[in-house]
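Please examine the sequence and the model shown here before reading on.

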There are 4 protein chains.
Amino acid sequence: MSDVAELERVADQGRAPGRRRDDATRRAILRAAFDIIEADGYRAFTIEGVAARSGAGKTTIYRWWPSKEALAVDAFMSEIGECGQGQDTGSVIEDLKATVVRISENLEGKTGRVLAAILGGGQNDLETSIQFRDRFMIPRRELGRATLQRGIASGELRPDLDVDAALEALIAPIYMRLLMRLGPCDAAWAQRFADTVIRGLVAHKPS
Amino acid sequence: MSDVAELERVADQGRAPGRRRDDATRRAILRAAFDIIEADGYRAFTIEGVAARSGAGKTTIYRWWPSKEALAVDAFMSEIGECGQGQDTGSVIEDLKATVVRISENLEGKTGRVLAAILGGGQNDLETSIQFRDRFMIPRRELGRATLQRGIASGELRPDLDVDAALEALIAPIYMRLLMRLGPCDAAWAQRFADTVIRGLVAHKPS
Amino acid sequence: MSDVAELERVADQGRAPGRRRDDATRRAILRAAFDIIEADGYRAFTIEGVAARSGAGKTTIYRWWPSKEALAVDAFMSEIGECGQGQDTGSVIEDLKATVVRISENLEGKTGRVLAAILGGGQNDLETSIQFRDRFMIPRRELGRATLQRGIASGELRPDLDVDAALEALIAPIYMRLLMRLGPCDAAWAQRFADTVIRGLVAHKPS
Amino acid sequence: MSDVAELERVADQGRAPGRRRDDATRRAILRAAFDIIEADGYRAFTIEGVAARSGAGKTTIYRWWPSKEALAVDAFMSEIGECGQGQDTGSVIEDLKATVVRISENLEGKTGRVLAAILGGGQNDLETSIQFRDRFMIPRRELGRATLQRGIASGELRPDLDVDAALEALIAPIYMRLLMRLGPCDAAWAQRFADTVIRGLVAHKPS
DNA sequence: CGGTAAGCGAGACGGTACGTCAGGTCTTGGG
DNA sequence: CCCAAGACCTGACGTACCGTCTCGCTTACCG
């Protein structure tokens, strides 16, 4: 064996033999899963259905995803992509509002419907619920943490602010609204809502 | 036919003939449903299981509940009872905090687990989700509305407060925390969280 | 409860409640099973196929038959009916030949093909093999026993004849011929074969 | 190129280039196949199982055997070896009995169990059934043909004996007994059975 | 010695059927 | 008309093997 080949082998750290995973299949499965949830709801989301629509065998799905909930999370994640970055427009308050609006708008339409389905379906399966929380919700929620801290530092926000509580107050209602169909998550509502939380409920005596 | 029976019939104003619904069976079914969800999770909650545990026939369950989601909601509602009343201690702010704490504490333990299950399972079934929202969530949320309005009137709260947005900000995070297992819904957290929302995020210039 | 009703209940020996087995379904299943084996061979004989062709649910099949082999045996038995009776034409030797011919002819055509399939398939499943032997083969073989004994009594057959060995010698080659496709089981062959066994192989000195 | 190599090449008639079949692998596969059938029955005999036990890849098995039935036949044949020769002790009748006994004894134990499995399994696959018949059964059966003809010539056997029918009568019951588990194929039974067939069923008038 | 042609292991893939579970409907007999 | 029991058809579950298909590697010949 040549030195080069040996080096490669070592670099690959002894790559497993056998045929490699077919990425086209992987994508077809994720896409089919997303489409089914989106079109017909979580109840209609079955492994058999995904197999049929994607043209994959059931075995292949079970080989790569431990449960249909796990597949749902992956399908969702692969469709929405990265969560972007917080902004810095100079005004922390405006940045917070923009973040709330952005998240809300992101969940209107297909994405939101699928998210609600997963959120709910996840109750069947602890592990998935956790994955979803860690891979989707928390990263998104954390977007705001830096902004909040910047606001505290700059004096725009209360110095004694409980950042975690604030994050929950800003984000949870968006998901809840979606889940419980309490109304649309449009920009108008998001603006109003964010404003209410940021300003607080109490009245301030005129200085 | 005996006179007594005849009298009853007349009193019922021509009540339908045939055997009347057996209330013991009804209660056995609801209890079995609640217990199964509580003990083994929503996934293990099946009509067959409920029939077996309660000693009822499947037919009987289907006769009275249109779907298993509907049964779940009924089982939950019959277990938790009424939602109580808002209080009036003089301080609107203290009243709001007390309400948030009370709701949170209410959802710790069994009740919370079942609620989370239903909340999730409801995504399978629009009708149930709506029922649950209307029979459970909204009544509980509305508890606070009067308090908020009292606060506006008294000047403790901002005169321009968006009451709906405020209600959502105060309640949604409780459910979300439960659903996403973000942490315990204990009194300490509820206090901190309610305080954050009520006071708002912004700093106020010293007057 | 009236005495009459009580009497009936006792007579029924506490018959199980609930819907009774649907005999039309039972027959449809057996017929479908037979037809599939006959038309496409044992390999094509699947529970799913039988369910589909008969219009029954798989569950129903599994409720009543422990394995597909058991179903095959039942299907076969229900199609061929009773095995008839031995004859008595005066000549024991003619009676024996007639029996061999009759069994052979019986196994030509559909029935034989299905039988061969079951005989073979039965190797997968001990219990079925036993059932088939006891319900089909042995009864048929025993048809000849009385004839043989009659022959011994009348002096037509050897007084020291081993009846069991004789029965096997007369019957086994029929099945083997079928199973191994050694040639047709027609009347001509059966005649020749029966004659050979009955007369034996050895030469007899002219008396 | 050396003359010797050239000679070999010519002898091989232009043997194909490339790596040659690995005989150790071939033997490992046959052995694994036999062992699995023997240990766990035909039902447990799967290509995947053979591959796993033998350490071979499935591809390799499919490259050399067209079906699992073909593999089973090969495995069986390679395990039992040649079928030996008929004997000539002077008495044709004793020779025939000896042959029946020998075949019977040969099929007791492992070998018989595997044979029964193949016999049965072969019903799935016409080709295999034929191969098995031609490679195993017929050669063994033909062992007796010469003996029978010798007997006819010597006058020990009937001059008008139907040799084919006699062969079937002598051999088929052995296999049938094995297949249908009608009883052991031991020497005692074989003796009794062979004797019955050879002497025939009919009584002979004292000369 | 270097190229080309197998053989070989591992293992992914699209399928078919398995045997089970639950869903929702029905039939039966009894209250 | 209610009820328990339980048979029934349907559809999805998750698993086992099927037979095919890459892969990367190992022989072995042949120019």
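This is a predicted model: local features need pLDDT of at least 70, side-chain atom pairs count only at pLDDT 80 or more; totals for chains, interfaces and linings use all residues.

Residues are numbered from 1 along each chain as its sequence is written, chains are lettered from A and ligands numbered from 1 in the order in which they are written, and side-chain values use heavy atoms, with hydrogens and water left out.

Chain A contains 10 helices and 0 strands, where helices are DSSP runs of H or I with at least four residues and strands are runs of E with at least two, numbered from the N terminus. Of the 207 residues in chain A, 47% are buried, that is, under 20% relative accessible area with a 1.4 Å probe and protein chains only. Contact means heavy atoms within 4.5 Å; among contacts in chain A between residues at least 6 apart in sequence, 68% join residues at least 24 apart.

Chain A superposes on chain B, with an RMSD of 0.2 Å, through a rotation of 180° and a shift of 0.1 Å along the axis. That is the relation of a two-fold axis. The superposition is by least squares on the C-alpha atoms of residues with pLDDT of at least 70 in both copies.

At the interface, 55 residues of chain A are in contact with 55 residues of chain B. Because 100% of the interface residues of chain A are also interface residues in chain B, the copies meet through the same surface. The area buried between the two chains is about 4,900 Å², with carbon and sulfur atoms giving 60% of it; this is the accessible area (1.4 Å probe) lost on putting the two parts together, summed over both.

Between chain A and chain B there are 8 salt bridges, each defined by a side-chain nitrogen of Lys or Arg within 4 Å of a carboxyl oxygen of Asp or Glu. A:R192 forms a salt bridge with B:D162, with the closest N and O atoms 2.9 Å apart. The side of chain A that touches chain B draws at least two residues from each of α6 (92-106), α7 (110-121), α8 (126-154), α9 (163-179) and α10 (187-199). The most come from α9(A), with 11 residues.

Chains C and D can also be compared. The same surface serves both copies, as 100% of the contact residues of chain C recur in chain D.

Notes
Buried means under 20% relative accessible area, exposed over 50%, partly exposed in between (1.4 Å probe, protein chains only).
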